[in-house]
Amino acid sequence: QVQLVESGGGLVQPGGSLRLSCLASGFIVSSVPMSWYRQAPGKERELVARKLRRDGSTEYAESVKGRFTISRDNANNTLYLQMTNLKPEDTAVYYCKASTLWGQGVQVTVSS
């Protein structure tokens, strides 16, 4: 079965860190471009970070540059998003995407 399952979300204080995981099954993560998106309440879903397939290069939204890192673990067939120095405006549901396949999303809440 082809699917993506995210985990690692939760409640964190401003300035804190979280690492999101996206476990892929039914395909190899290194074979397709993979991305993290997020959607805050009342807002459109936006691209957070993307890892390209061919050369493994990465792209980030301006709002997360220097704070978030996307990485891929081929051995565990998992995509990660390391988030540091989190801000209240990072609060959203975070989604993993592989080609046209979406995960179910995981909630990240940044609040004191």
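**Close-up views of charged side chains**

A network of salt bridges links Arg38, Glu46, Arg67 and Asp90. The model is predicted, so local features need pLDDT of at least 70 and side-chain atom pairs count only at pLDDT 80 or more, while totals for chains, interfaces and linings use all residues. Residues are numbered from 1 along each chain as its sequence is written, and side-chain values use heavy atoms, leaving out hydrogens and water.

View 1. Arginine 38 forms a salt bridge (a side-chain nitrogen of Lys or Arg within 4 Å of a carboxyl oxygen of Asp or Glu) with glutamate 46, the closest N and O atoms being 2.7 Å apart. Arginine 38 is buried at 5% relative accessibility, whereas glutamate 46 is partly exposed at 34%; buried means under 20% relative accessible area, exposed over 50%, and partly exposed in between (1.4 Å probe, protein chains only). A salt bridge also joins arginine 38 to aspartate 90, with 2.9 Å between the closest N and O atoms.

**View 2. Aspartate 90 with arginine 67.** These side chains meet in a salt bridge of 2.8 Å, N to O. Both arginine 67 and aspartate 90 are buried.

View 3. The side chain of glutamate 6 has a polar atom 2.7 Å from the backbone nitrogen of cysteine 96 and reaches the backbone nitrogen of glutamine 104 at 3.0 Å.

Methods: A polar contact is a pair of N or O atoms within 3.5 Å; within protein, one must be able to donate a hydrogen and the other to accept it, and residues adjacent in sequence count only if both atoms are side-chain atoms.
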